[in-house]
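I opened a new notebook page for this structure. Here is what I looked up, in order.

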Amino acid sequence: FSMTKTELPPGEVAREFNVHPATVRRWEAAGIRTPARRLPGSQHRRYSRKAVAALKETLRDAAAAAVA
């Protein structure tokens, strides 16, 4: 099993957002974030740090719009 430092599994992404890993998968299914890359020969997802940063910005913007 090899993972670059630029890619995170759903559990690590979930920890960054303080949500359950299933929430990260729902965000992907809903089109809120870029689909994850699947590891060759498996269904394991990996999310790029760039995509995670973009998701943080998207959620921040949505929260700001909800307050306004």
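I took contact to mean heavy atoms within 4.5 Å. I took helices (H or I, at least four residues) and strands (E, at least two) as DSSP runs, numbered from the N terminus.

**Ground rules.** I am working with a predicted model, where local features need pLDDT of at least 70, side-chain atom pairs count only at pLDDT 80 or more, and totals for chains, interfaces and linings use all residues. Residues are numbered from 1 along each chain as its sequence is written, and side-chain values use heavy atoms, with hydrogens and water left out.

**Overview.** I found three helices and three strands. From the N terminus, I read the elements as β-α-α-β-β-α. The C-alpha atoms fill a box of roughly 45 × 20 × 20 Å along the principal axes. I noted an accessible surface of about 4700 Å² (Shrake-Rupley method, 1.4 Å probe; for residues, only the protein chains shown count as cover). Carbon and sulfur atoms hold 56% of that surface. For burial I used relative accessible area: buried is under 20%, exposed over 50%, partly exposed in between (1.4 Å probe, protein chains only). By that rule, 31% of the 68 residues are buried. I also looked at contacts with a separation of 6 or more: 48% of them join residues 24 or more positions apart.

**Helix 1.** Which residues of helix 1 are buried? I listed Pro10, Val13, Ala14 and Phe17. Seen down the helix axis, they fall within an arc of 100° (taken from the directions from the axis to the C-beta atoms), so they line one face of helix 1. An α-helix has 3.6 residues a turn, so residues three or four places apart point the same way. I then checked what covers these buried residues of helix 1: strand 1, helix 2, strand 3 and helix 3 are among the cover. Asn18 follows helix 1, and its phi is positive, near 55°.

**The core.** I used nonpolar core for a set of buried Ala, Val, Leu, Ile, Met, Phe, Trp, Tyr and Cys residues joined through side-chain atoms within 4.5 Å. The largest one has 10 residues: Leu8, Val13, Ala14, Phe17, Val24, Trp27, Ala36, Tyr47, Val52 and Leu55. Helix 1 (10-17), helix 2 and helix 3 (49-67) each give two or more residues to this core. Helix 1 has the largest share, three residues. I followed Leu55 next. Beyond its neighbours within four places in sequence, Leu55 touches Phe17, Trp27, Ile32 and Arg33.

**Thr23.** I placed Thr23 in helix 2 (residues 21-29). Is Thr23 buried or exposed? Its relative accessible area is 16%, so Thr23 counts as buried. The Thr23 side chain makes a polar contact with the Arg26 side chain, at 3.0 Å. A polar contact is a pair of N or O atoms within 3.5 Å; within protein, one must be able to donate a hydrogen and the other to accept it, and residues adjacent in sequence count only if both atoms are side-chain atoms.

**The sheet.** I counted two strands as paired if DSSP finds at least two bridges between them. The three strands form an open sheet in the order 1-3-2, with antiparallel pairing. Strand 1 (7-8) and strand 2 (37-38) are at the edges with a single partner strand each, so one side of each has no neighbour in the sheet. Two bridges join strand 2 to strand 3 (residues 45-48). Arg37 has Arg46 of strand 3 as its bridge partner.

**Gln43.** I found Gln43 in the loop between strand 2 and strand 3. Gln43 counts as exposed, at 59% relative accessibility.
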